[in-house]
Amino acid sequence: MHVPSDLVHRLRDRFTESGYTIDGVRERLGGVAAAALAREELVPALRATRDNDPLGTLIRLWWLGVPVSTAAADLPLADLIDAGLAVRVGDAVQATVHLQPWDVGGDRLAWVVSDRKVRPGDPALRRDHVVGAGGASANLAQFAWTPPVESALDLGTGCGVQVLHLAGRARRIVATDVNPRAVELAELSWRLSGVEGVESRAGSLFEPVEHERFDLVVSNPPFVISPEGRFTYRESGFPADGFCREMLRRVPRHLNPGGHGRFLANWLHLKGEDWQDRVGAWLTGTGCDGWVVQRDVQDPAEYVELWLRDAAEQGTTAYRQHYDEWLAWFESLGVVGVGFGWISLHNSGAMDPVVRVEELSQRVELPVGAYVPDVLDGVAVAHRIGDDELLDAHLAVAEGVVEERVGPPGAEHPSRIVLRQTGGLHRAVNVGTVEAALAGACDGELPLRPLLAAIAELMGDDERELLDRAPAALRPLIAEGFFRIVDTAANTR
């Protein structure tokens, strides 16, 4: 597919003039049509764009993928057809690609090019199908946010959407994909969005960057776990969840000192095995600090249904066969669920790297990537600090932590005390009266030891016993970001 530069510029100008931007499309479609599109229902969106005006026509042509009249299109149709972006269908024209505006934040305008969405009744997906940007893309972009870096790698770029988010934050960007067609469409996404200088390469995993290192590596990999690799955009051909495990094993050799890796992944829950131990083992041999967060878990049937819908296989003659074969394969492996979430690696250079694996289902503050270093730092400090060192440290309650007391009205003592984060990961934890008293007293000015001594005296507790048990009680609260350790020079540790 060769798209001349002058055609790219004309399309970009037409999109901007007509309001074919993320805000323009949202306003035009409205909430009802947008929600219906999320369910793959086109009728409300078709009704919202039926006036044949420029914006409505662009939405129909490029986003909804339906034929539009050549008169209404008001586009350089001959050039679009020559470039392979559209075909004639009788007296109408139909796009051969899905071209959608995308929100990259700020004032920048961006568009993403992919293969057309396949809906029930359409021809089957081609093996090298290039999927468009969606919820997972936005999820990774938020998780992968960092301050500016010198170099970044987008591993498995697909339609190129992560590069659009990296642009302006990384001086050098390399993007790879095993699918040459994905590289081709990604390059068009970047050209339409005014992103220049990206080094694009075709190849599997880290083969295209074998001897290179980066400050940031991001990936929304082909993590779908299936008995066969039918589609390159979602399945790797590795056994079970082996691709994500292998990717993580190789990441450290491509991270500069201090570099970060941010990834989406799937992992199996196996009968008789703790998923946290299983996935944690993927990271323990990397030599990097790591953080795994499970955001969702599906039973085997839910998972199979999700990805059969993704390929628009409902209603086909092969649907039931694929469903049955997939479930039988899961059963043979002892699969009881499939987890989805984030994985972060940090090449901290520590001699004793730490790994935290947990489940978080609550709403979190965005962008998550902005405070991933703080999360990893809290875990590392809590793990490495000795008991006496902790008792002599200066603690402060983290910003945004509030206390809730739960109990019957008028009761002298609460039945439950909760510390809750109003920002960040929005964690909540039940604490005892000592931890609650400490939260109300520590501001980084005094060491922990005298504060605990004063609390013991006020509560009538044995001071020695309180000091002995305090470190074990406080370490989880430090690791989870409720308390932070402040050094005497007023620098956050």
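A: Let's begin with the terms: on a 1 Å grid over the protein atoms alone, a pocket is an open set of points with protein on both sides within 12 Å along at least five of seven lines, while a cavity is a set where a 1.4 Å probe fits but cannot get out; lining residues have an atom within 4 Å of a point. Points are joined across faces, edges and corners, and a volume is the space filled by probe spheres set on them. This is a predicted model, in which local features need pLDDT of at least 70 and side-chain atom pairs pLDDT 80 or more, while totals for chains, interfaces and linings use all residues. Residues are numbered from 1 along each chain as its sequence is written, and side-chain values use heavy atoms, without hydrogens or water.

The second largest pocket has a volume of about 620 Å³. Its lining is made of 26 residues, and the closest to the pocket centre are Asp374, Ala398, Glu399, Gln421 and Gly481. Two or more lining residues come from each of helix H14 (372-384), helix H18 (463-479) and strand E19 (483-486); these are DSSP runs numbered from the N terminus, helices being H or I of at least four residues and strands E of at least two. H14 gives the most, with 5 residues. By class, the pocket lining holds 10 nonpolar, 8 polar and 8 charged residues. Here Ala, Val, Leu, Ile, Met, Phe, Trp, Tyr, Cys and Pro are nonpolar, Asp, Glu, Lys and Arg are charged, and the others, Gly among them, are polar.

Now follow the chain back from H14. The loop between strand E13 (355-359) and H14 contains Val364, which is buried at 9% relative accessibility. Buried means under 20% relative accessible area, with exposed over 50% and partly exposed in between, using a 1.4 Å probe and protein chains only. Setting aside neighbours within four places in sequence, Val364 touches Arg295, Trp342, Tyr371, Gly424, Leu425 and His426, a contact being heavy atoms within 4.5 Å. Val364 and Leu425 sit 61 residues apart in sequence, yet their C-alpha atoms are 4.8 Å apart.

The structure holds 1 cavity of 30 Å³ or more, and the largest cavity has about 40 Å³ of space. Around the largest cavity are Leu61, Trp62, Trp63, Leu64, Gly65, Val97, His98, Arg116, Lys117 and Arg119. Helix H4 (54-64) and strand E4 (97-102) each give two or more residues to this lining, and H4 has the largest share, with 4 residues. The cavity lining divides into 5 nonpolar, 2 polar and 3 charged residues.

H4 itself is mostly covered, with 10 of its 11 residues buried. Among them are Arg60, Trp62 and Trp63. Just after H4, Gly65 takes a positive phi of about 75 degrees.

Finally, a word on the cysteines. Counting a disulfide as a pair of cysteine sulfur atoms within 2.5 Å, the model has 0 disulfides. Cys159 is in no disulfide, and its nearest cysteine sulfur, that of Cys244, is 18 Å away. Cys159 is buried, at 4% relative accessibility. Cys442 is buried too, with a relative accessible area of 7%.
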